[in-house]
Structures are given as structure tokens and as C-alpha cells.
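Here is a set of questions and answers for someone meeting this structure for the first time. Each answer works towards the value or name that was asked for.

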Amino acid sequence: MFGYILRRLLSAVPIAFGVSVVCFLLVYLAPGDPVQTLLPPDADAETVAQVKRMYGLDQPLPVQYLTWLGRVMVGDFGRSIATGRPVADEIFRSLGNTVLLAGLSVLVAFSIAFVLGTIAGRHAGGWLDRVVTGVAVVGVSVPNYWLGIVLVIIFSVEMMALPASGMGDGRFDPTSWEHVQYLILPVITLSMIPVGIIARTTRSAVSEVMNQEFVTTLRANGLPEWRVLRHALKNALPPVLAVMGLQFGTLMGGSILVETVFSWPGSGFLLSKAILTRDIPVLQGTILVLALIFVFTNLTVDLFQSSVDPRIRRA
Amino acid sequence: MKQRLALLGAALAIVANLSTPSARAETVLRVAMTAGDIPLTAGIPDQGFEGWRFVGYNLYDSLVLWDLSRGDRIADIKPGLATGWSVDPANNRRWIFQLRQDVKFHDGSPFTAQDVVWNFERFTKEGTPQFNPRQFAFARGYLTNFESVEVVDAHTVAFTTKQPDSLFPYNLSFLMMVSPRRSAEVGNDADAFARNPSGTGPYRFARMVPGERLELVRNADYWDKARIPRHDRLVLLPMPEASTRVASLLSGQVDWIEAPPPDAIPRLRSSRMQIVTNPYPHNWAYQLNFVDGPFADIRVRRAANHALNRADMKEMLGGVALEGYATLPPSTAYYGNPVRYEYDPAKARALLQEAGCMPCQITFAISTSGSGQMQPMPMNELVKSQLEAAGFRVNLQVMDWNALLQLGREGRERHQGVNGINISRATQDPFNGMLRFVASSQAAPRGSNWGHYNSPEMDALINEALSTFDEERRLPILARIHEKMSEDAVMLWVAHDLNPRAMSPRVRGFVQAQSWFQDLTPITVEAR
Amino acid sequence: MSTTVSNAPPTGNDAMAAPRQRGYWGTVGYRLRYDPVTLFFGAVLLSVILAAVFASWIAPADPYQESIIRRLKGPGYMGHILGTDELGRDMLSRLLYGGRLTLLMGMVPVVIATLIGGGLGVVAGFAGGIVNTLIMRTMDVFYAFPSVLLAVAISGAMGGGVTNGMIALTLVFIPPLCRVAETATTQVRNLDFVDAARATGAPLRLVLWHHVLGNVLGPVLIYASSLISVGIILASGLSFLGLGVKPPEPDWGLMLNALRQAIYVNPLIAALPGIAIFITSVSLNMVSDGLRSAMDVRS
């Protein structure tokens, strides 16, 4: 097992390396000279050349990349062009807010979807199954940024019950309604897709287990139905948990639109502001960190799965 | 006598405070700004005049301030950190400013003539330890005529201008005085200073969550006793998305929103929100490129102005705007009698034919939001479709507000593909309202003449106005400048904003000045 | 919306068990004919696509013609069947024309990615060895980005616009499609029947065409069809962020954003573009599910 973990960890290294190359090259996708954004408006050619030297932008690309990588390794992502603040500060302050939002959304989604999926899996083919499958399709099909706007109309504008944006005064306290109320609409919005996905996974896992021989045997042995179900769920749980983990990683990087709709001060909102202001260092750093988190969660899920079921180990 | 009155006022204020049942609870005013980020707190703010309105004039003072105490006339300047000023009778390029005594920065250090010089070095003098390139960039538009400043005595400074400049004091109203002591404490690091700023303004810095909120608290020791804030805390929140601001006000998340979309005003009224509007010196227009592209031809500029149906624009804005036919709103003293470019698409087409530009391909740089930009997206789309109906082909280059401001500062040379920029402008004084857009000496990146308009006749008029120190005699010259701008169609004029704001019924005591800046200090907030 | 992409792609189907008498595609068609739900959503989808394609014939009005006095009116006002938008333009016409760009931005990247990604996957699967490693490890790198993030990052860095948005989405879709194709190809390659076919002396080209491609195409197409819905939601998401279609071109995501302020005047109008995206996306997902079960020959 240990050897396997080590192998998987090592295999993530080249991917992380590749991810950093892609992030680095993003700057060169941008039209225009990247140095322009760093300079005062009327800088003359000499100043441009000087700043290029200062930032090492006159070096060949691979050298630039290695310099950049070296700085990133020690947590130096440069400074934001729009605000002048260190990019690392901006990213890590917002990252916590996104972890909160994405984590809570996945948990909420799991609690709803697991129940729905179990019901559907138990009655596979029946009308309950159809209803749940329908709900799941709606979940993955609804554009969540639109849903967010609709929820704001209903709960903030019409009922004046819940805040429409932000997360209050920046000192989050999970025991106080003053703070928790800000989470409700974004969490509902962001959990729609995972509800659909997790419900589907649960349904197929449960229905598959329910059709297996050991369930029939248990039933034949006169075990009460709820205990049969408990056995079945125990067997269906690992793949569902794995999907839940994957969903967390996806939401971490995929909450941009929802965070923008709710002005949720997370990494996605930071990213969307960076795009508008063409703040390349922020763009680069945020994407790199989010992608690495995604790689890491996927790796964790993978290890979790293989520890539960050694058959699915990858080479 | 005046002092006694002020004291009496302060005493009354205290009594009024005591008689409110919730005098103990902290009163907080929460404001949703249109800016996308918190304006810079390091002195001169960014984010346009909204930055001055909410951060600049609250944390800091300038030598010259704006009188925002009444709403029935266009606001003008008044003494700030300087108690008075006059031109040196012997030299009309030299201005003497008497400074206010007994003013203290928030860090306790006294404000002196030396601090004024120190601050001007911070804006202008490369090589001094406090020199800050960003402050330099923000200040330069107001310092084009500044030559030097010197200490006369502990409470007097003298400025020298490059040219005689009868309007010089207006420019000083935009230059914030920060504490040299605090700057030294943080090693003259402007970022560190911005995180822990110290000025002389009516509010002190309390805390900041970057990108999210800025909290200021009452400065009980403010030198202008009449303007000590009547609430304890002011919270400023950037909310560029207009519908988000409305939803936040309705859900009780904020007490005050800037620029509610006109479409939402009936809805806000029905929820008992207060809507205030007032004319103010505002011009929503396009500055044009006079060198590259079709607008170099005056016929094309006139055609564009005839192509606009401004009544439709006003209608779309729910009536909270004036139709814009010239740079200044008609209530301005030196409005004069400019050409009125009536809606006439046929004439516009004819002019374009004549100019040999049909269809006439143009590109405008516009922003998605920003201080004074009103509803930039639908407004620009309407302008585009009206222009296209008259034979133009319009490409809209959409960008963030700060990016557009930067493009505006850089000038046409670096953006030759852009034929017009849609930066709404303040017209509160003759220089900022007119001269800086048309003086050849103000060509960007030095000044705000973005498109490099150049007319010797105009320059002569400007010089005449600037060297006329008698206000009565200056007015007709200024009016002539305004008329000439109109004749030459130097801009594509669209609208003047009526500056709507919405606030919760709990907000009391606000007087909306006819200005870009507003005084929040008299506001009281009732307990929920 | 990213989920379908980042989830483990479906592995290849074993088509060998298909009832021989109708042939593979015959079976699929036969099954679809008896699946009313899929047929219904297929019909909805077809009408959405046809409406978009023939927008210029169907649309009752010029989608760019604005009229300020008629702005934000409800359905039925002065012949505007679905009302008017914030500049008084006919909503129905805008939605019809908007479907063009939205569908285009959602579908074209999937088609291109299917060709490129599918091609690369087949090559990787067949060649094996170093070629496989090279291709698949490169894919792993792009796979390491959540799809929304990758789409926003690339189109954001390139400065937005329809073309850049489509390039970004194509890059998002290539890796998962490549994986599906590679998995299916590897499976098929190792199956006995290929060797058997070869052993009978059938020309290699024929073997490839008949057995391999046929068996790889199924899973790739199923998977690609499920991506179109993701593509449309992502594309309108980009436009919503201001990275896709630029005004005044009609596009559902952009209309959604532009009409945000209209919720205080006419919430129904503001909701319409979202409803359009939703209906299209649901239909696509249902059809894709239907196809999947019809093509899954084991059941």
C-alpha cells in the first residue's frame, strides 16, 4: 500500500510541473507586451527596457519560467497590478472563503443527493426513480449563475430576507446568523450540480448493489429490509464518497460564476476581477493554486478509493 | 462669533445625540459604491471621483475644500487646510496660502507649512524618499501648471505656477495632505501607508478587508467642529453590479447605494426607500480622437452629434438625466449660447457622405461600470445603434473602469485604433470642465486632452481666461470657450446625470450638494 | 457544469453482444423508437436548433431594432410575442438569433475537440508505448484544470471574444474526449476478435474500419453528445462574464447579464434567456442519456 501511495504521489509531480508551465504561458496568450501593464502610461522605450530587465522579461522563455517557478515555490507570486498588493496575500485570503463555500455546498449536496439517490436506486425503474432522475438532470442542466440571480430576486428583493452579496464584515463566525445568512443563497446555488451528479452516482451504485447476489441471500435469510438496505448502502458508499471528493475539487475551481453573481469574496471572484482588469499576476497565481488543489483532491480521492477497493489501483 | 456658533452647534449635536434612545449603540452607515474595488487609501484615491467622494475627502483634507453644505446651487470651493489665499500683487504667477492653525493628523502630529511642501514632493519630486509614482500619476492632471511651492513661514506657503492661472486654487482641491510622520513610520512604503493611513479628515481609518470593505470611524477631534460625523462608523463596500446594489439595499445589507439603475427606482420607492436626485456638474460624452481616424474631420464629429436622439436616451434612463447637447449643463454660469445639435439622422448621413466616410467605421473605448458612468452598457448600446442608423459602424471596446481611465491618461498616441473614449467627466470648475480637454498644452499623456485637439484660437482664449483674475471679466471669456467647443464639436455629447442615490428610510440628515462630492458627516442613522 | 468533463469518462462499450440480426446501429435506432422521453426531448432539441438555424426566416422582427418607448414590455405587447428587452428590441427575435451564437459556441468546440481529441486518443491507443505516454501525459496536464477554470483562464488571458471563447472550450474538451477514445481503442485492440479478423487475412484497413473504429466511435460520440450541454452552459457562462459574445450581438448568456437590472421592471423578461439555456441543456442531457442507454448494448 505504501509503495502505491508513493508511486501515485510521484506521478502527480510531472502533472503539477505541466500545470505550472501552462499557467506561466498564460501571460503570453495575452495580446500585447506583458510589460505594458506594469508601467506608468507615458514610460519611454528606455524605461520599458529597464523594467523588462528588472522583471527578467528580456531573458529567454525557459529562463524566465525557471525564475518564476523558483519564486512561486517559495510562495512569491509577484504583486497585483491593479492593487499593488502581493498576489499570495490576495489568493490565500480568498481561498479560505472558497473552501468554505465549496465544502459546504458539497456537504449539502451530499446529504440531499444521497437520500434521493438511495430512494431511486431502491426503486430502480419505478416512478420514484424517474422523478429523482428528472431532478438530477435538472440539477446538472440549470445554469447556476442564472439560478443565483433568480434566488436573489426571490429571497433578497421580494422577501427581503437574505443578503444578496458578499459575506458580511469579513470576520466569519459560523455561530452567528449575521454571518451564516450570507452563505445560504450561494450554497444552494453552488450545490445544484453536485446534487445532480451525486444523486446519479448513488442511484446507480445502490441499484447495482441491490441486484447483487448477497442482497438476495440476505433477503432470503429473512433479514429485515432496513438492514438489507444498510448493508447495501455500506457497499454503495465508497464510489459516492469518491465522486463527492471530485466534486469538491471541481467546485473549488468552478465557482467563478456563482461567486461573481454573489460577489462572494473567494478565489473565483478574485479571478473574475483579475480578468476584467487584465491583472495577469493575479490571474496566473490564482489559476495555478486552484489547479494544484484540483490535482491534490483528485489524488486524495484516488488513494481513498484504492484503499477501500484495491482492485481499482492504477498502474 | 463664528466660533461660538460652531460651539453651540456642537453642543446641540451632543444634546441631540443624548436624547436619542440608542445613543449607546454604535451607529453605522453602510454605503455601496459603484467602484469595483476599495479606492486607494494612500492619499489621492483611485476609482475616479467616487474615490475622492468616499475615501479622499473623508480620510484627508486638501488645502482647498468644496462647500457641500447646501443643495440649491452648484457647489464651489471653500477654505480647507488653507484659511485663505490670494495672488501676490507683485507677481501674478505666485499664490500665497495661509494655513489653518491647530490642525492635527490622526496620528497626533501637527499640520504645518513644511508638511505641504513634503506632500508636494511626494507628488512631484522624483528622488525624495516619499516620492510615490502612483500618487504622481494621480496628481499630474492637476499639477500641469504647478512649478514650485515654498515655505514662507510655519503657517504660510507660496505656490508658483508656470503660467498665470486664475483657476489654480481649484486644482489644489484634489491634492490630499497625508501625514509625513506616519509615512516615515512605515518607511515611506506607500502600500504599508495605505494599510495604516493617517490624514486630517473627519474620519479615521479603522480597518480594511482588501477588495471587500473599508471601515472608517468618526474623528472626534476634527478641526471643523460643525463637520464632526454624526454617526460612529462609515462602512464602504465596492459593488460594481447595479442590480446587486439594489438587492443589497432592499435586503437591508446596506443603508445607501450609489446610482441605482433607473429601472429599479419605482421598485425602491415602493419599499419606502428614499431616492434623491439633483443636477450636478457632470458630462457623459465621448472625447474624440482628432488625429487618427474619421473624427479628425469636423463633419464626421458634427454628423455623430446630429445622429443622437437624446430624448430617447433620457427616456431610457427613466428621466434621471438631462439631455446633453454641450459640455456643461445649462445651469452653469458660463454656459453661453452653444450650437444645439438636434437629432437629425438625415443631416448626419449627408455630412458623412460629404466627408466621404460611409459607412463610417469607428471604435469607442467604454467601461462596464465606474464613477459617474451611469448605465454604461445600455447607454453605449443605444448610442451605437443610433449612430449606426445614421451611417456609422461602431465597435465598442469594453474594459474595466480603471483600465479605461488608464487608456484615457495615456492618450491617443498609444491607442490609435480608438476613435473615442467614454469617460464621463466632472465639470465643476472651468479648468476641469473645459480647458483641460481642449488646451494644446494639456495633450495626453500630460493632461486630459486625450485626442490632441489643437486650435490656436482656442489656446488664445484659454490664456486670456487664465490671466484674467477678475471673475466678472472672466465669465464671458469662459462662455466663448464653451461656445467654441460646441462649434468645433469636440465631443460627442450624450447626457448629464441627475445623480440618483437611494437610501434606507433610517438614513436622515443628508443634503445632496450639486457636486460630485458629498458631505456624509451630518447623516444620522436610526436604530433598526 | 464542469462535472461531466471532470468525472471519469464512460469506458468503451462491448458492442459484441449486440443482436446481430439488426446490426449495431439498427438496434440503437430500434430502441430509440420506443423511448418516448428521449424522442420528446429530441424533438424539443431539434426545434431549438431549427429555430436558431432559420432565425432569419422565423424571427418576427429585426433583433437589433431598438425602441426606447417600448422597452421591457411583457409578452404580447404590440405584437412582441415574448415582450421586449432593455432597449426595446423584440425578445423572441433576440432569443432566436441568440440561439445561433450560443449553440454555435457550445457545439463547434465539441465537434472540433471530438475530431482532435478522438483522433489523438485513437492514435495513442493504437500506437501504445512512448507515443501513448506522450499524448496521454500531456492530456493529464490539461485534465488537471477544472473545466470552468480552464475555459475562463484561456479566454480571459486571450482577451475574450467569440473565437477565443471557442478555442478555450475546444481545449477544455480535447483531454476528456482523448481519454475516452484512448480507453476504447486500447480495449478494442486487445480484444481477440481483432486478432481473429487479422488472422483470417482481412486487410488491416478493413479491420480497422469495421471493427475498431465502429467500436470506438460509439463511446466517443455518446460522450461528445453529453459535452454539448456542458459546452452551451460554459459558453453562455463566458458571455455572462463578458468574455464571450460582445454586445449588441444577441447571445443567451450576454442577454442574461444585460437583463439583470430588468428584474425590477419585468422579471419574466429577465428570466427568458436563462429559461432558453435551461430548456436546451435539459434536452441535450436527456437525449444524450437516451442515446447512451440505447447504445449500451449490454442492457
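Two strands are said to pair if DSSP finds at least two bridges between them.

Q: Which residue of β7(B) is the bridge partner of F97(B)?
A: Strand β5 of chain B covers residues 94-99, and strand β7 of chain B covers residues 156-161. These two strands pair in the antiparallel sense over 5 bridges. In β7(B), the bridge partner of F97(B) is V157(B).

Q: Which residue stands opposite Q98(B)?
A: On another pairing of β5(B), strand β4 (residues 82-87) of chain B runs antiparallel to it over 5 bridges. A hairpin of 6 residues joins β4(B) to β5(B). Opposite Q98(B) in β5(B) stands G84(B).

Q: Which residues form the covered face of β5(B)?
A: In a regular strand the side chains alternate between the two faces of the sheet. In β5(B), the uncovered face consists of R94(B), I96(B) and Q98(B). The covered face is formed by W95(B), F97(B) and L99(B).

Q: How far apart are the end C-alpha atoms of residues 77-439 of chain B?
A: UniProt, in an unreviewed entry, places the feature "domain: Solute-binding protein family" at residues 77-439 of chain B. In the model this span is 31% helix and 23% strand. Its end C-alpha atoms lie apart by 23 Å.

Q: Why is chain B said to be as compact as a globular protein of its length?
A: The secondary structure of chain B comes to 17 helices and 22 strands. For its 528 residues the globule rule gives 24 Å, and chain B is as compact as a globular protein of that length because its radius of gyration is close to this, at 23 Å.

Q: What share of the residues of chain B counts as buried?
A: Along its principal axes, the C-alpha trace of chain B spans about 70 × 60 × 45 Å. Among contacts in chain B between residues at least 6 apart in sequence, 70% join residues at least 24 apart. A residue is buried if 20 or more other C-beta atoms lie within 10 Å of its own, and of the 528 residues of chain B the buried share is 55%.

Q: Over which residues of chain B does pLDDT stay under 50?
A: Chain B averages a pLDDT of 90, and 95% of the residues score at least 70. Where pLDDT is low, the predicted coordinates should not be read in detail. The stretch of chain B where pLDDT stays under 50, for which the model has 4 contacts beyond four places in sequence, is residues 12-23.

Q: Which element gives the most to the side of chain B that touches chain A?
A: Between these chains, 26 residues of chain B are in contact with 24 residues of chain A. The elements that give two or more residues to this side of chain B are α4 (133-139), α8 (242-250) and α14 (401-410) of chain B. With 5 residues, the element that gives the most is α14(B).

Q: How many charged residues are on the side of chain A that touches chain C?
A: The contact takes 41 residues from chain A and 39 residues from chain C. On this side of chain A, α1(A) gives the most, with 7 residues. The residues of this side divide into 31 nonpolar and 10 polar, and the number of charged ones is none.

Technical notes:
Residues numbered from 1 in each chain as written. Chains lettered and ligands numbered in written order. Predicted model: local features only at pLDDT ≥ 70, side-chain atom pairs only at ≥ 80, totals over all residues. Contact = placed C-beta atoms within 7 Å. Helix = DSSP H or I, 4+ residues; strand = E, 2+ residues; numbered from the N terminus. UniProt positions renumbered as here; feature names shortened; annotations may be inferred. Buried ≥ 20, exposed ≤ 12 C-beta atoms within 10 Å, placed from the backbone. pLDDT = per-residue confidence, 0-100. Rg over C-alpha atoms; globule rule 2.2 N^0.38 Å. Nonpolar A, V, L, I, M, F, W, Y, C, P; charged D, E, K, R; others polar.
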